[in-house]
Amino acid sequence: MQYFIDLTNTQYEKLWAHLLPDEACVESAAFIFADLETSNDSKVLRARDVFLVPKSGFQFQFDDYIELSDETRISIIKKAHHSETALVELHSHPFDSPWAATFSLADIAGFEETVAHMWWRLPGRPYAAIVAAPNGFDALIWSKDPHTPEFVTALRVDGRTLTPTGKTLRGNHAISQ
């Protein structure tokens with residue numbers, strides 16, 4: 001099965017400008033509300049809307065850790081529920097290192113609770129996550145169950161295909177599949 005996340009160029013530029021502004025020194029976050037399209041050999045999360053988390057939307061926001069406020073988390077889940085969309089979470093690692101475009105061990109630990117909660121709150125919908133860095137991005141999707149992440153094949157942006165690093169599932173930060 002192949003998994004794609006489709007964005008318009010405008011959505012992509014808006015997301016990446018928010019996540020990785022010039023001189024960024026703290027992590028940032030955003031969400032994509034996506035319609036799910038399924039065929040025999042692929043699932044596509046087609047972005048319907050994006051939400052850029054403002055500074056006021058965090059409980060904590062540091063250079064290596066973020067946590068959404070309860071109000072932000074509740075509003076995101078409500079919007080996805082009412083719009084019957086799947087969620088794609090995005091956050092940034094605004095530093096330059098070989099592992100920046102990889103989910104951190106803290107990210108992976110957070111997925112255990114977050115993904116299970118999203119599957120419970122938004123039943124029947126996959127959950128995906130993207131980490132953006134100056135040197136690329138990685139992306140995972142939980143489509144079969146909330147415990148088994150899989151590779152996102154690509155982001156497709158108005159005809160361009162952008163491929164994730166795949167380092168999280170293949171590299172030193174590997175999580176079990």
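Let's start with Arg 73 and Asp 70, which both lie in helix H2, 3 residues apart, about one turn of the helix. Helices here are DSSP runs of H or I with at least four residues, strands are runs of E with at least two, and both are numbered from the N terminus. Arg 73 forms a salt bridge with Asp 70, and their closest N and O atoms are 3.4 Å apart. By salt bridge I mean a side-chain nitrogen of Lys or Arg within 4 Å of a carboxyl oxygen of Asp or Glu.

A word on what you're looking at: this is a predicted model, where local features need pLDDT of at least 70, side-chain atom pairs count only at pLDDT 80 or more, and totals for chains, interfaces and linings use all residues. Residues are numbered from 1 along each chain as its sequence is written, and side-chain values use heavy atoms, leaving out hydrogens and water.

Back to H2, residues 70-83. This helix has 14 residues and reaches 20 Å from its first C-alpha to its last, close to the 20 Å expected at 1.5 Å a residue; that expected span is 1.5 Å times one less than the number of residues.

Which residues of H2 are buried? They are Thr 72, Ile 76, Ile 77, Ala 80 and Ser 83. Buried means under 20% relative accessible area, exposed over 50%, and partly exposed in between, with a 1.4 Å probe and protein chains only. These five cover an arc of only 145 degrees around the axis, so they sit on the same side of H2; the arc is taken from the directions from the helix axis to the C-beta atoms. The face turned away from that buried side carries the exposed residues Glu 71 and His 82.

H2 also has a link to strand S3. Lys 79 forms a salt bridge with Asp 49, with the closest N and O atoms 2.4 Å apart. Lys 79 lies in H2 and Asp 49 in S3, so the pair ties together parts 30 residues apart in sequence.

Now for a longer reach along the chain. Asp 6 pairs with Arg 156 in a salt bridge, the closest N and O atoms being 2.8 Å apart. Asp 6 is in strand S1 and Arg 156 in strand S10, 150 residues apart. Asp 6 is buried, at 9% relative accessible area, while Arg 156 is partly exposed, at 27%. A search of the whole structure finds 7 salt bridges.
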